[in-house]
Amino acid sequence: MAKIALEDITKRFGSDVYAVDRVSLEIEDGEFMVLVGPSGCGKTTILRIVAGLEEVTAGEVYIGGRQVTDLAPKDRDIAMVFQNYALYPHMTVEQNLGFGLKLRRMPRANIRKKVLQTATTLAIDALLARKPVALSGGQRQRVAMGRAMARLPEVFLMDEPLSNLDAKLRVQMRAELARLRDRLRTTTIYVTHDQVEAMTLGDRVAVLKDGRLQQVATPTELFNHPANLFVAAFIGSPSMNLVEARISGGTVSFGPYSLPLTPGIDLSGHTGDTVALGIRPSDLEDAEVWTSDLPTIEAWVDVIEELGSEVHVLFTVDASPVITEDTKAAATAEEGEDIIPLTAAEGKTPFTARVDARTAARPGGLVRLSVDPRRLHFFNPQTGLAIGQSPDRASAPA
Amino acid sequence: MGSLPGRLPIATVTAPSAKPRVDVTPRRLPPHIRRRRFLLFVANHSVALTLAIVFLMPFVVVFLTALMSRQQALSTRYWPHPFVWSNFLHISNFLPILRDGWNSTVYAVLSSVGVVVSSVPVAYALSRMRWRGRQIVFILVLSTLMLPDQVTSVPLYVIFVRFHWIGTLKPLIVPNFLGDAFSIFLLRQFFMTIPEELADAARVDGAGDFRILTRVVIPLAKPALAAVALFQFLYAWNDFYYPLLYAGNNPKTVTLAVGLSQLLSSVYVHFGVAWNILMAGSVIFMAPVILIFFLAQRAFIEGVTLTGIKG
């Protein structure tokens with residue numbers, strides 16, 4: 001087991017393409033750290049730098065207190081799971097699992113024992129004599145995991161290990177991975193573009209964009225207190241509703257609506273300013289189903305999406321949407337998994353509310369939604385940084 | 001599922017009950033489609049057969065002539081009458097076929113080994129290692145392909161004279177241990193198709209470049225290695241120019257290809273051209289090539305199934 005520390009690592013390709021830009025990150029011993037971000041954000045490059053497959057342009061890498069920046073992968077005591085598994089096609093499962101041990105000159109009998117042990121853990125002991133070509137996608141994935149586990153390395157590096165599985169298998173493997181994580185408690189860096197994986201697996205999650213760290217926090221913290229617009233728009237599905245709003249006195253108003261500000265939110269410096277207001281779809285609830293004394297807004301329903309356990313109510317707000325580089329980058333990150341936004345006219349913002357399945361809302365009808373003012377998010381539309389949070393909340397890097 | 005709001009109720013579909021399957025009569029193709037398919041079948045096979053005959057014809061003629069008597073070989077008859085199998089034994093009266101064959105084998109086998117052994121590391125360095133100037137070196141290697149043999153043979157001859165290698169098989173074999181541009185190119189292209197992640201995985205597993213090459217790349221590149229070795233073997237076996245130039249003046253180092261051509265002239269001088277003997281020699285000359293090709297075909301097919309795997 002080992003702690004990993006990245007110190008100001010930078011990776012430049014050519015003369016001006018920065019794949020990783022001054023990233024500093026500490027991963028505690030036994031911690032499961034997820035790197036998440038849209039494609040091309042540098043997460044895989046960081047992983048390859050930790051693995052030693054890629055050299056840094058600047059910065060240092062430490063594993064277990066040892067500086068490993070210039071060491072070859074084999075001298076770092078790491079194991080890696082690749083996105084396409086990278087199983088050796090000419091070797092059987094057993095040989096695949098034992099290859100790393102063999103290269104480390106472990107006695108044959110010990111290799112056999114270790115391989116069997118690993119295979120049993122992953123329930124692939126019946127497949128040991130097969131070659132990768134004779135395995136299904138899920139089985140290959142397990143073998144790839146097993147190859148990393150067999151050596152009991154100090155650090156696991158996983159590069160989107162679940163992305164080649166079909167949706168159902170992915171959910172199953174995700175749960176299994178969580179169990180393995182809790183059992184092995186090996187320091188792990190896990191790269192994914194899937195925010196559900198990031199949220200469910202990570203002890204902490206590091207959000208990246210354009211090679212820069214946006215926020216490092218626990219999944220709950222990330223969800224409840226995004227440090228900037230990008231994190232806000234990227235984390236959460238359906239994604240956060242972002243709209244231009246105006247602060248005046250003790251209220252925030254957007255379109256025809258006006259909501260009171262709670263005392264905990266300090267926006268005194270922004271009175272009269274236009275800010276970006278964020279409301280999570282899950283923080284809007286059908287006021288007819290869940291009666292409360294929270295303030296409400298009324299809206300005409302455009303579309304209803306029934307998911308069985310919940311209902312997404314889509315409506316339009318007469319206010320300008322927040323469109324910055326951050327929100328655009330976050331939207332492209334979803335890779336078609338998210339709902340295609342309604343084509344909003346000028347000055348109109350599509351909103352989504354995730355409400356109880358018992359809602360009576362119907363397309364074309366009126367719905368009354370309650371909003372919890374304590375769960376509103378505010379951002380400076382120019383800098384994209386979160387505002388109005390108490391200072392101890394701010395976990396964004398400088 | 002209930003009705004969608006504001007729309008018609010959706011009809012529900014229930015799973016079919018588990019009734020025993022009733023035998024179905026297979027559907028017959030309509031006559032005009034059957035006729036079309038039959039005509040297409042005939043057309044395709046006619047073309048294939050014609051092409052096969054065109055390619056097989058010379059070989060058949062050579063083989064049949066090899067079984068004729070000397071007089072018949074000069075006649076217009078196609079079918080040997082009688083079959084003179086002893087032609088194959090009589091060759092050794094004209095030509096030291098065992099010695100020449102041995103020389104050809106030594107040349108072909110050792111040069112194939114040399115090409116594979118020397119080209120594999122170069123191809124690996126040009127495809128899987130990152131270093132400054134790699135592209136330039138690759139182009140340099142390729143450019144040697146464009147040098148015509150005629151340009152290099154005189155300087156090479158001078159070099160080999162200085163080495164006192166003329167009249168031995170060394171000038172034919174040794175240069176192959178110094179790499180071959182075409183083989184390097186072919187292997188490089190093949191190595192590039194092997195996923196980079198496999199090398200990365202091996203690196204993380206604890207392998208250096210040498211282990212990656214021997215444990216991962218070479219086992220996966222077997223078909224390419226077979227192809228390279230086969231090409232070199234065929235080239236060396238059929239090679240006439242260099243064996244004649246470097247080794248032809250010493251009767252002990254004559255290869256089969258050179259020997260056969262000498263047969264033509266020596267037989268002619270003494271008896272006029274003995275086509276039947278010449279053809280028998282040709283059959284013996286061709287046999288190993290054909291045999292090896294069929295054997296190597298298995299390696300090729302194995303290779304195709306191997307490279308079909310990704311991940």
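Modeller: Welcome! Let's start with the inside of chain A: of its 398 residues, 54% are buried. Keep in mind that this is a predicted model.

Biologist: Thanks! How many helices and strands does chain A have?

Modeller: Chain A has nine helices and 21 strands. Along the principal axes, its C-alpha atoms fill a box of roughly 75 × 45 × 35 Å.

Biologist: What radius of gyration would a compact globule of 398 residues have, and what is the value for chain A?

Modeller: A compact globule with 398 residues would come near 21 Å, and chain A has 24 Å, which agrees. Take the contacts in chain A between residues at least 6 apart in sequence: 73% of them join residues at least 24 apart.

Biologist: Into which domains is chain A divided?

Modeller: Domain 1 covers 4–224 and domain 2 covers 229–391. Their C-alpha centres lie 36 Å apart. Where the two domains of chain A are in contact, domain 1 gives 15 residues and domain 2 gives 16 residues.

Biologist: Now for charges. How many salt bridges are counted over all chains?

Modeller: Here is the general idea: side chains of opposite charge can pair when their charged atoms come close. Over all chains, the count comes to 25 salt bridges. One of them joins E26(A) and K3(A), with the closest N and O atoms 3.3 Å apart. E26(A) lies in strand β2 (residues 17–27) and K3(A) in the segment before β1 (4–13), so this pair ties together parts that are 23 residues apart in sequence.

Biologist: Are those two residues buried, exposed or partly exposed?

Modeller: E26(A) is partly exposed, with a relative accessible area of 42%. K3(A) is also partly exposed, at 34%.

Biologist: Which residue forms a salt bridge with D21(A)?

Modeller: That is R212(A), and the N to O distance is 3.1 Å. R212(A) lies in strand β10 (residues 212–217) and D21(A) in strand β2, so the pair ties together parts 191 residues apart in sequence. R212(A) counts as partly exposed at 42% relative accessibility, whereas D21(A) counts as buried at 13%.

Biologist: And which residue meets D326(A) in a salt bridge?

Modeller: K209(A) does, at 2.8 Å from N to O. This pair links distant parts of the chain, 117 residues apart: D326(A) is in helix α9 (residues 325–332) and K209(A) in strand β9 (residues 204–209). Why do we call D326(A) buried? Buried means under 20% relative accessible area, and D326(A) has 11%. K209(A) is buried as well, with 14%.

Biologist: Which residues are linked in a network of salt bridges?

Modeller: R48(A), E54(A), R130(B) and D200(B) are linked in such a network.

Biologist: What does K114(A) touch, leaving out residues up to four places away in sequence?

Modeller: K114(A), found in helix α3 (residues 108–121), touches L101(A), M106(A), A150(A) and L152(A). K114(A) and L152(A) are 38 residues apart in sequence and 9.6 Å apart in space, C-alpha to C-alpha. K114(A) is partly exposed, with a relative accessible area of 24%.

Biologist: Let's finish on chain B. Which helix supplies the largest share of the nonpolar patch?

Modeller: The largest share, four residues, comes from α1(B). L56(B) has its place in that helix. The patch lies on the surface, has about 1000 Å² of accessible area together, and includes L56(B), W79(B) and F294(B). Helices α1 (31–66) and α14 (275–307) of chain B each supply at least two of its residues.

Conventions
Residues numbered from 1 in each chain as written. Chains lettered and ligands numbered in written order. Predicted model: local features only at pLDDT ≥ 70, side-chain atom pairs only at ≥ 80, totals over all residues. Heavy atoms only, no water. Patch = residues over 30% accessible without salt bridge, like charges linked within 9 Å, V, L, I, M, F, W, Y side chains within 5 Å. Areas by Shrake-Rupley, 256 points an atom, 1.4 Å probe, with all protein chains shown as cover. Salt bridge = Lys/Arg side-chain N within 4 Å of Asp/Glu carboxyl O. Rg over C-alpha atoms; globule rule 2.2 N^0.38 Å. Buried < 20%, exposed > 50% of the residue type's maximum accessible area, 1.4 Å probe, protein only. Contact = heavy atoms within 4.5 Å. Domains from an automatic or database assignment.
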